Amino acid sequence: MLNNIIAIIIGYLIGSILPAYFLCRWIKHIDIRTIGTFNAGTTNLKRSVGILPAIPTAIYDTIKGILAILIAQYGLKTPLSIAYLSGLAAILGHIFPFYLGFRGGQGAATSTGILLFNLYEIFVVGKTFPEVWDLVVILLVIAIIWFISRTQELLSITVLPLFIYFLILRTPFNWILITTLIIAGYLLYLGINNIVRFQLLKIDTEKYPDLRLWRKLLRPAAMAFPILSFFVSKMTLITLIGAVLAVFFFLDFSRIISKRVNQFFLKDITNVFKMFKEKESVRMSSMTLFLMSCFLCFLLFEQKIAFTAVTFLIFGDMSAVMLGLVYGKTKLFNKTLEGTLAHFMACIVFGYIIHIYLPISLLTIFVGSLTATFIEVLPIAIDDNLSVPIIAGAIMTISSRLYGFQS
């Protein structure tokens, strides 16, 4: 018991040593927590003082969590669970150093060091090899996100959820996995926090006045229809979607034929709640077209194909809008290259996850993703909400008939 307590205390003390704070005090005679991003970490030291003091800081901050684990496990002969608690204590020591009023850095480097150490333990020592296609998908996401944004934070919030999912799916449940998930979850929190703090995903609404962002963000809720397809009959699902579609269609029809109704939705309630876009004043809204595409997909295609096609529409469109409007620079027809790559990435990621559970070949997923992205970027007259899932579903149906559903 005494060794266990000592191991955790040692882990905290090792973590509480902050080279960034001491080097900045020595070189510039100032508290690094009062400049830059106000964190006593490697990145802030590099930006505020220089690369040379940042190098040893990065090395020590990365290995100190690993050092705490090794001292506990091999020096004090503690159980594996205590050794990893010592590593977590090192992260807490970095974030809450006792001699600095419990205000230090974010602990990202220390967390990353333990994460890499755990991956070595899982994949090399434990010989739990990941699926090749898992790695391919993760590397594809890394490449596309880095090309689009060049931001570490956006990389973390896209790659880490996928990484966590694959770990849970492929790795035996033990203390190494538990610690890895805790650390990955914390790094994900840091990424989200920094994105909110530095507004890395802020869309200029003045530049896009007709954008109804809340409609895009609510799109994942529409997955209720595809998910419901696994629990009810095809006829029941089509009837349900058709009923909701009828309500939206009646609303659109009323707007189009009545100026007073149109005036109410487009002008009178605008200051309270912007529901429709200006361009939808004389045509059906994209919400109605989305419901129509869901209805047609499940009416025309086999359930697995319909599920995949609608998933492509929901997550592909949302990713394209979010990343295209924030980071889009290279024009591609009336869209952007960055938004198009984000669309393709989302289709591949969610298509691959669907492939894990449903008998759809990777070839069919790839062809469908490529088709959905190609149709989305083409400047054709048909609305994306209709053209993307219907055409992608048709192409995937042909692919599955030619090469079979199974991989």
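This is a predicted model: local features need pLDDT of at least 70, side-chain atom pairs count only at pLDDT 80 or more; totals for chains, interfaces and linings use all residues.
Visitor: Is asparagine 39 buried or exposed?
Guide: Asparagine 39 counts as buried, with a relative accessibility of 16%. Buried means under 20% relative accessible area, exposed means over 50%, and partly exposed is in between (1.4 Å probe, protein chains only). Residues are numbered from 1 along each chain as its sequence is written, and side-chain values use heavy atoms, with hydrogens and water left out.

Visitor: Okay, where does asparagine 39 lie?
Guide: In the loop between H2 and H3. Helices (H or I, at least four residues) and strands (E, at least two) are DSSP runs, numbered from the N terminus.

Visitor: And what does asparagine 39 touch?
Guide: Leaving out residues up to four places away in sequence, asparagine 39 touches Ile32, Asn44, Gly104, Gly105, Gln106 and Arg197. Contact here means heavy atoms within 4.5 Å.

Visitor: What about threonine 37, buried or exposed?
Guide: Buried, at 16% relative accessibility. Threonine 37 lies in the loop between H2 and helix H3 (42-48). With residues up to four places away in sequence not counted, threonine 37 touches Asn44, Arg47, Arg197 and Phe198. Asn44 and Arg197 turn up for asparagine 39 too.

Visitor: Let's zoom out. How many helices and strands does the protein have?
Guide: There are 18 helices and two strands. The C-alpha trace spans about 75 × 50 × 35 Å along its principal axes.

Visitor: How much of the protein is buried?
Guide: Of the 407 residues, 49% are buried. As for contacts with a separation of 6 or more, 70% are between residues 24 or more positions apart.

Visitor: Now helices. At what angle do H5 and H6 pack?
Guide: At about 160 degrees, with their axes 9 Å apart. Axes are lines fitted to C-alpha atoms, for helices over the stretch in contact, and angles run from 0 to 180 degrees between N-to-C directions. H5 and H6 are therefore roughly antiparallel. The cut-offs are under 35 degrees for roughly parallel, over 145 for roughly antiparallel, 65 to 115 for roughly perpendicular, and oblique for the rest.

Visitor: Which way does H5 pass H6, left-handed or right-handed?
Guide: The crossing is left-handed. A crossing is left-handed if the near helix is turned anticlockwise from the far one by less than a right angle, and right-handed if clockwise. The contact is made by Tyr84, Gly87, Ala90, Ile91 and His94 of H5 and Thr110, Ser111, Ile114, Phe117, Asn118 and Glu121 of H6. These residues divide into five nonpolar, five polar and one charged. Ala, Val, Leu, Ile, Met, Phe, Trp, Tyr, Cys and Pro count as nonpolar, Asp, Glu, Lys and Arg as charged, and the others, Gly among them, as polar.

Visitor: And how do H1 and H5 cross?
Guide: The axes of helix H1 (residues 2-16) and H5 come within 6 Å and cross at roughly 30 degrees. That makes H1 roughly parallel to H5. Their crossing is right-handed. On the H1 side the meeting residues include Ala7 and Gly11, and on the H5 side they include Ala89 and Gly93. The contact divides into eight nonpolar, seven polar and no charged residues.

Visitor: New topic: how many aromatic pairs are there?
Guide: A search of the whole structure finds ten. Rings of Phe, Tyr and Trp (its six-membered ring) pair if their centres lie within 6.5 Å; planes under 30 degrees apart count as stacked, over 60 as edge-to-face and the rest as tilted. Take phenylalanine 22 and tyrosine 99: their ring centres are 5.9 Å apart and the planes are at 25 degrees, so the pair is stacked.

Visitor: Which parts does the pair of phenylalanine 22 and tyrosine 99 tie together?
Guide: Phenylalanine 22 lies in helix H2 (residues 19-28) and tyrosine 99 in the loop between helix H5 (80-95) and helix H6 (108-125), so the parts joined are 77 residues apart in sequence. Phenylalanine 22 is partly exposed at 42%, and tyrosine 99 is partly exposed at 31%.

Visitor: How about phenylalanine 166 and tyrosine 352?
Guide: They form an edge-to-face pair, 5.8 Å centre to centre with 70 degrees between the planes. Phenylalanine 166 lies in helix H8 (residues 152-170) and tyrosine 352 in helix H16 (residues 337-357), so this pair ties together parts 186 residues apart in sequence. Phenylalanine 166 is buried at 6%, and tyrosine 352 is buried at 6% as well.
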